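Please look over the sequence and the model first.

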Amino acid sequence: MKTYNLFYASMALLVLIGCSKTDSGTLGENQEEEKSVQADYTLIVNSKGSLTGTLFSVDDEALTINPEKSKFASMSLPDLSFEENSVLTTYHKKSNCSGELTIHDFNEDSSEAYGVFSDLGACNLTAKSILRKGNKLYIAYELHISPTVDEFYVRMLDISTSEPIVVDVEMDKRPIELAYANNRIFVLGIDEDVTDENTISVIDANANAIVHSKLVGFDVRRIFTNPENNVIISYDELHSTMNSVTMAISYTNYGVGKEPNFTQSSSLHFDTIGKMYYEMTPTTYSVFPVIPAIYDFGKNLTVLYAYENFMTEAQLNFEFEVEKTTMVSYDEENNVLLIGYKKTSGENKGGLLLIKPAPEPKFLNSIDVAGVPTSIFIN
């Protein structure tokens with residue numbers, strides 16, 4: 001099994017300072033002159049139970065609020081959400097047997113909403129997971145027939161036509177979460193009737209039929225798709241990678257005390273080379289309950305951005321009042337970490353930090369926001 005190491009951002013800083021000096025005082029051979037940051041973002045915050053959008057601009061590391069109003073319509077906290085690139089998809093339950101899926105594209109600054117489940121008539125259901133791929137929306141749900149009988153489905157909505165096409169695929173295991181890879185929907189479920197093990201069922205997205213099913217052990221925490229278009233199956237102490245073509249599984253073991261702890265992160269963001277940006281529960285590595293972290297799947301390496309390693313005590317406790325990380329993202333074009341956090345001074349107070357990542361971690365700027373950041377999109 002593969003293993004990996006934890007690496008501190010502060011350690012990277014110490015190493016690079018020592019290596020970057022030259023006799024002439026000029027830039028080293030392998031260093032590039034630092035570019036100024038130029039970007040526009042939409043920050044989504046949880047403000048007293050509602051999601052709202054605020055436009056931000058960064059000009060040479062100066063963060064300013066854009067007075068132009070975001071077209072992202074304020075909404076109550078969704079029951080389910082799914083982020084991919086510049087698109088946020090949300091699900092809100094409307095009644096025991098109805099709901100609404102909303103798609104907001106931040107590149108185009110446009111929104112579309114679709115009602116779901118009205119065709120079922122009177123019923124009682126629970127939506128479990130959603131995902132979006134192009135013009136197709138998927139939603140896993142349980143239909144409660146009686147106090148002792150449930151039915152399980154994955155619903156597909158094709159929204160490429162004026163009247164969405166709806167197809168239900170019945171499942172024999174209770175669904176938990178969805179992932180999409182190689183024109184297939186991977187459904188994490190649980191075999192409650194026989195083994196109590198978790199399962200992966202695979203649906204062909206063209207045929208809308210189950211083509212593969214496999215038991216994957218106990219206590220799977222989540223599944224998601226990596227940049228290689230394979231599916232990560234994550235546990236507390238390891239993760240496995242399911243090849244989306246052959247369905248073969250390989251395993252990566254972390255070792256005791258070296259877990260990357262990404263299973264509880266509210267969102268996961270990848271860059272183009274396979275590094276994943278997320279919120280981490282650091283256990284003994286920081287005094288803060290949740291910190292930013294980056295996990296490199298290719299190198300099996302985690303970089304921990306413990307706040308006390310790149311910010312002063314005065315900044316943390318008095319200037320910025322950092323309580324915990326609530327969001328981590330990455331602007332690859334500008335090589336900037338975008339870190340949202342909740343403040344200690346109030347339930348509805350937060351902030352956004354701009355950080356240069358390792359190998360030269362550096363605090364760049366911060367701005368206060370009304371609400372707690374949940375996600376950010378590059379416009």
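Leaving aside its neighbours within four places in sequence, which residues is histidine 239 in contact with? They are Ile232, Ile233, Ser234, Ser250, Tyr251, Thr252, Tyr254, Phe262, Tyr295 and Phe297, where contact means heavy atoms within 4.5 Å. The model is predicted, so local features need pLDDT of at least 70 and side-chain atom pairs count only at pLDDT 80 or more, while totals for chains, interfaces and linings use all residues. Residues are numbered from 1 along each chain as its sequence is written, and side-chain values use heavy atoms, with hydrogens and water left out.

- Four bridges join strand β19 (residues 231-234) to strand β20 (residues 238-242) in the antiparallel sense.

**Histidine 239**
- Histidine 239 belongs to strand β20 and is the bridge partner of serine 234.
- Histidine 239 counts as buried because its relative accessibility is 2%; buried means under 20% relative accessible area, exposed over 50%, and partly exposed in between (1.4 Å probe, protein chains only).
- The side chains of histidine 239 and tyrosine 254 are joined by a polar contact of 2.8 Å, that is, a pair of N or O atoms within 3.5 Å; within protein, one must be able to donate a hydrogen and the other to accept it, and residues adjacent in sequence count only if both atoms are side-chain atoms.

**Aromatic pairs**
- The whole structure holds 19 aromatic pairs; rings of Phe, Tyr and Trp (its six-membered ring) pair if their centres lie within 6.5 Å, and planes under 30 degrees apart count as stacked, over 60 as edge-to-face and the rest as tilted.
- Tyrosine 141 and tyrosine 153 are stacked, because their ring centres are 5.4 Å apart and their planes are at 20°.
- Tyrosine 141 lies in strand β11 (residues 136-146) and tyrosine 153 in strand β12 (residues 149-158), so this pair ties together parts twelve residues apart in sequence.
- Tyrosine 141 is buried at a relative accessible area of 1%, and tyrosine 153 is buried at 14%.
- Phenylalanine 262 and tyrosine 278 form an edge-to-face pair, because the ring centres are 5.9 Å apart and the planes are at 85°.
- Both phenylalanine 262 and tyrosine 278 are buried.
- One aromatic cluster is formed by Phe224, Phe262, Phe270, Tyr278, Tyr295 and Phe297.

Conventions: Two strands pair if DSSP finds at least two bridges between them. Helices (H or I, at least four residues) and strands (E, at least two) are DSSP runs, numbered from the N terminus.
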